[in-house]
Amino acid sequence: MATALRPFKLLQAGIETTKGTLVAATRQLPGDHGFTEEQDFYRSPFPAGVRSNVGGAGVIIRKGYAIDYSSDLTAEDILWMLETGVKGGISPSTVDINAKLWTYTPELTTGVPTIKTATFEMIHADGVTNHYAGEVGYGMCESFKIDWAFNQEAKFSAKFFARARQTTTPTGALTPYASREPLVSNLVFVYLDTTWAGLGGTQLQTIIRSGSIEIMTGYAPNYTLDGRSDKDFVNHKVGIITGKLSLVMELDATAASRIANYRANDVVYIRVRNEGSLIGSVSAKKFVQIDGAYRFVSAPAFSEDGQQILVSLDLESVYDSTGTKTLEFSAQNLLAVI
């Protein structure tokens, strides 16, 4: 019997109608993934009487599941993280005939934000036999991160939590999105403006070397005393959504103005937009876009690349009372449904 092979390692997902009620997966999410079947144990130290560990196998006191996912950044796959981590139940608007624009604006004034959950299927196989096949429900995105560096593809990673693993027969014949397109860092536009309404007005040109943004969704499993036989969580906790943005840029007059923003303790408004190819024969392009209001969290840091001086800026998202927003996420693609 052959061992499981990396080429046959699959992560599949389906959006749940009722949180925690398992559904068949509807889409394969290409990339790499790792998982942890979480189990916490209590091993009693009683009775003793021997100079050894006692308590037998002990008892399981908590179960859960964690998934780490990494892949190329695409305007298609990112929808799964946004639906289960920012705002659920979004429908796209139509732009230029074929293009579909998905916009995710976090709900900031309610403790019960609209959000979706997913069923995940994890498969490790040798091409004939599934040596590991697990299914988990109530899957939600805890955090996700995008990294950009010149002359590279945009890199994407995410963390999910879910209820305890269930046995499953994996859904067969699933494929990635046919229109899926990896985005590249050299097609990133970075804009910095002075108001939320002015976002996208002033591009930082010829200086950005690299950047990253990490979003903490504020969602976490909520373990309570409810007599669940699986010893997992009944529902989720809601916290604040935050973003950490880092930019590395060449030091010129434009970058010097950013240092002046730091000294003045300014709130700045930044749009990062990663574009792809044209959608069909029309003018609309695929893109992933993240808008945010930010404040500085540390002093600018300087480094050198050959004879050029670079400066790194670290910022965190903040609520903008005028625009009544903190972060907003958009993706444009060919998908009418997830």
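**Aromatic rings and charges**

Select Y132 first: this residue is buried, with a relative accessible area of 16% (buried is under 20%, exposed over 50%, partly exposed in between; 1.4 Å probe, protein chains only).

The model is predicted: local features need pLDDT of at least 70, side-chain atom pairs count only at pLDDT 80 or more, and totals for chains, interfaces and linings use all residues. Numbering starts from 1 along each chain as its sequence is written, and side-chain values use heavy atoms, without hydrogens or water.

Now the ring pairs. Rings of Phe, Tyr and Trp (its six-membered ring) pair if their centres lie within 6.5 Å; planes under 30 degrees apart are stacked, over 60 edge-to-face, the rest tilted. That rule gives nine aromatic pairs.

F35 sits in strand β3 (residues 32-42) and Y132 in strand β8 (residues 130-149), so the pair ties together parts 97 residues apart in sequence. Strands are DSSP runs of E, at least two residues, numbered from the N terminus. F35 is partly exposed, at 24% relative accessibility.

Next, select Y138 and F233. Centres 5.4 Å apart and planes at 80 degrees make this pair edge-to-face. Y138 is in strand β8, F233 in the loop between β13 (219-222) and β14 (235-238), 95 residues apart. Y138 is buried at 3%; F233 is buried at 0%.

Finish with charges over rings (NZ of Lys or CZ of Arg within 6 Å of the ring centre and within 35 degrees of the ring normal). The charged end of R43 is over the F41 ring, 4.3 Å from its centre. R273 lies over the face of F287, 3.8 Å from the ring centre.

Terms used:
Helices (H or I, at least four residues) and strands (E, at least two) are DSSP runs, numbered from the N terminus.
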